[in-house]
Amino acid sequence: MAKLIYSAIMSLDGYIADEHGNFDWAAPDEEVHAFVNELERGTGTYLYGRRMYDVMRYWETAPTDTKEPPVTRDYAQIWQAADKIVYSRTLATPSTTRTRIEQDFAFEAVRRMKTTASSDMSIGGPDLAAQAIKAGLVDEIHLFVVPILVGGGTQALPDHVRVKLQLLNERRFAGGVVYLHYRTGT
């Protein structure tokens, strides 16, 4: 059975974007980016909410010429090779290949996908991830904690949910980012 993994880059105070929607402080350096690439390499399907899809679709046409850093080119290829499902009631057609639009995030449909998928799935965007965490669908949480306090904004993790977590792995990077890998107690 495939795992559903929620991965987020967040500030030390728990936000993926500040109060103005900025997340430039979260851009990974080369070391972190290479590590993310290795984690994402096994992902067969990305599940996105509309806003996260709008951010991530950059990778569909990201420059992949030799002027770009190897980690950037590598991630673009990883992302382009995976299937994407976007949950949106306002988006009629996708602007990227290997992408389909679903109107509603149906928990049972995701459960079925997990049992039939041949590779792990990733869920992106804190709102969609919150729904999946609350429904007990998320198997692992990967957090990249950036050494910055932004004081408010979009939370990485949901309120009003209690999930026991088991720490599976951790890593400190030279730039101060800390990676935390948890299994959920679901």
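**Strands and rings, step by step**

Me: How many bridges join strand 7 to strand 10?

Reply: Strand 7 (residues 140-146) and strand 10 run antiparallel. Strands are DSSP runs of E with at least two residues, while helices are runs of H or I with at least four, both numbered from the N terminus. Two strands pair if DSSP finds at least two bridges between them. For strand 7 and strand 10, the number of bridges is 6.

Me: Which pLDDT do side-chain atom pairs need in this predicted model?

Reply: Residues are numbered from 1 along each chain as its sequence is written, and side-chain values use heavy atoms, with hydrogens and water left out. This is a predicted model in which totals for chains, interfaces and linings use all residues, local features need pLDDT of at least 70, and side-chain atom pairs count only at pLDDT 80 or more.

Me: Which residue in the turn between strand 9 and strand 10 has a positive phi?

Reply: Strand 9 (residues 165-172) pairs with strand 10 in the antiparallel sense, over 7 bridges. Leu 165 stands opposite Thr 184 of strand 10. The two strands form a hairpin with 5 residues between them, and the positive phi, about 100°, belongs to Gly 176.

Me: How many of the 7 residues of strand 10 are buried?

Reply: Buried means under 20% relative accessible area, exposed means over 50%, and partly exposed lies in between (1.4 Å probe, protein chains only). Tyr 179 is buried, with a relative accessible area of 1%. Strand 10 spans residues 178-184 and is largely enclosed by the rest of the structure, because the number buried is 5.

Me: What is the angle between the ring planes of Phe 35 and Phe 144?

Reply: Rings of Phe, Tyr and Trp (its six-membered ring) pair if their centres lie within 6.5 Å; planes under 30 degrees apart are stacked, over 60 edge-to-face, and the rest tilted. By this rule there are 9 aromatic pairs. Phe 35 and Phe 144 have ring centres 6.1 Å apart, and the pair is edge-to-face because the planes stand at 75°.
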